Amino acid sequence: MSRRLKVGVVGCGVGVGHIKGYQELPDLYSVEALCDIDPARASAIAGEHGVRASIGDFDAFLEHDLDIVDICTPSALHFEQAKKALLAGRHVVVEKPFASSLAEADALVELEQRSGKRLCPVFQYRFANGIAQLFHLRQRGFAGNAYAATVETHWRRLPAYYDNPWRGRWATELGGCMITHAIHNHDILTHVLGPVRSVFARTSTRVNPVETEDCAAAVLEMADGSLATLSVTLGAEEDMSRLRFCFEGLTAESNRSPYNPGTAPWRFIAADPERQRAIDAAVAEVEPAPERYAGQFLRLHRALTEGGALPVSIADARPSLELITAAYHSARTGEAVHLPIGRDHPLYAGWLPRPDREVA
């Protein structure tokens, strides 16, 4: 029987989804403790989900007997809390963005090595049956060269959404729609097509009176020569996400689910009827598997108990921060940004605007 790993979840907002993900795998995980700055909320959610301990102080929380610390706090806290947890001898699961800069991402690699523990950023959209079908078709040779892709993240966020002490503020949320909302869809893009070669972006704040951007658009050249466009707004009249990939011999299009576009059904389209039948047969070969958090945590357990690659490593997640860094720099300078971004880049140590810089 597999060893059950003891988990503590920090942050009882998004953290509730993580709790449910672990509890879908009761033979693999036991959620032992919750931590939240609001002890009453932590206590209530612990009672609702059958978690024995709830704690208001993060340092005290780290004293519990835990295998994994799962961090779901506001974005600006992620790096320091992940650092503390690694140095306390715990494996770490951390929500997006897993760090506040490329410099912090690289520092976490060193902290992993020093601590002997592992850090797994959360990109649950990757673990979906539609994505699995697309990768299977590529492995079977049905998708040739990539030509172009589009990613639309069109959601609706009204002023009440920002009635919160940390949302819509650079210092606490680290950015707007590019970070908090579209990052998962953009991660799918690079997960499927690979590295980005250059980014030209524009951002604006048009929907709500907040510090951070709530609309963005970008044109990307991928390392394989294909092109991609990103469109993001928080002013849509309905929530919708859509990804469309045009390959040589195959076009793949996601469903329109705003928060789970990776799940089936996807449309896999061929121009030739005979080829379409072959593609449909290949799609049917993919067995459904646990998705989203449960899908990522299933693979995480295997990595931590049996060895091997994490479902998402720091190296896997670093491109998400690199894309954000490039997009903000492009939007502020009006110039295309070429990747990869090295230590000599002006925003390597952080993309937060300086007080004297006008923010688009």
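**Chat about a predicted model**

Mentor: Let's start with Cys 120, which is buried, at a relative accessible area of 1% (buried means under 20%, exposed over 50%, partly exposed in between, with a 1.4 Å probe and protein chains only). This is a predicted model, where local features need pLDDT of at least 70, side-chain atom pairs count only at pLDDT 80 or more, and totals for chains, interfaces and linings use all residues. Residues are numbered from 1 along each chain as its sequence is written, and side-chain values use heavy atoms, leaving out hydrogens and water.

Trainee: OK, how many disulfides are there?

Mentor: Zero, by the rule that the two cysteine sulfur atoms lie within 2.5 Å. Cys 120 is in none; its nearest cysteine sulfur, in Cys 72, is 12 Å away.

Trainee: Switching topic: at what angle do α4 and α5 pack?

Mentor: Helix α4 (78-87) and helix α5 (102-115) pack at about 10°, axes 9 Å apart. Helices here are DSSP runs of H or I, at least four residues, and strands are E runs of at least two, numbered from the N terminus. Axes are lines fitted to C-alpha atoms, for helices over the stretch in contact, with angles from 0 to 180 degrees between N-to-C directions.

Trainee: What about the sheet, which order do its strands take?

Mentor: Eight strands form an open, mixed sheet: β13-β12-β11-β7-β10-β9-β8-β14. Pairing takes at least two DSSP bridges between two strands.
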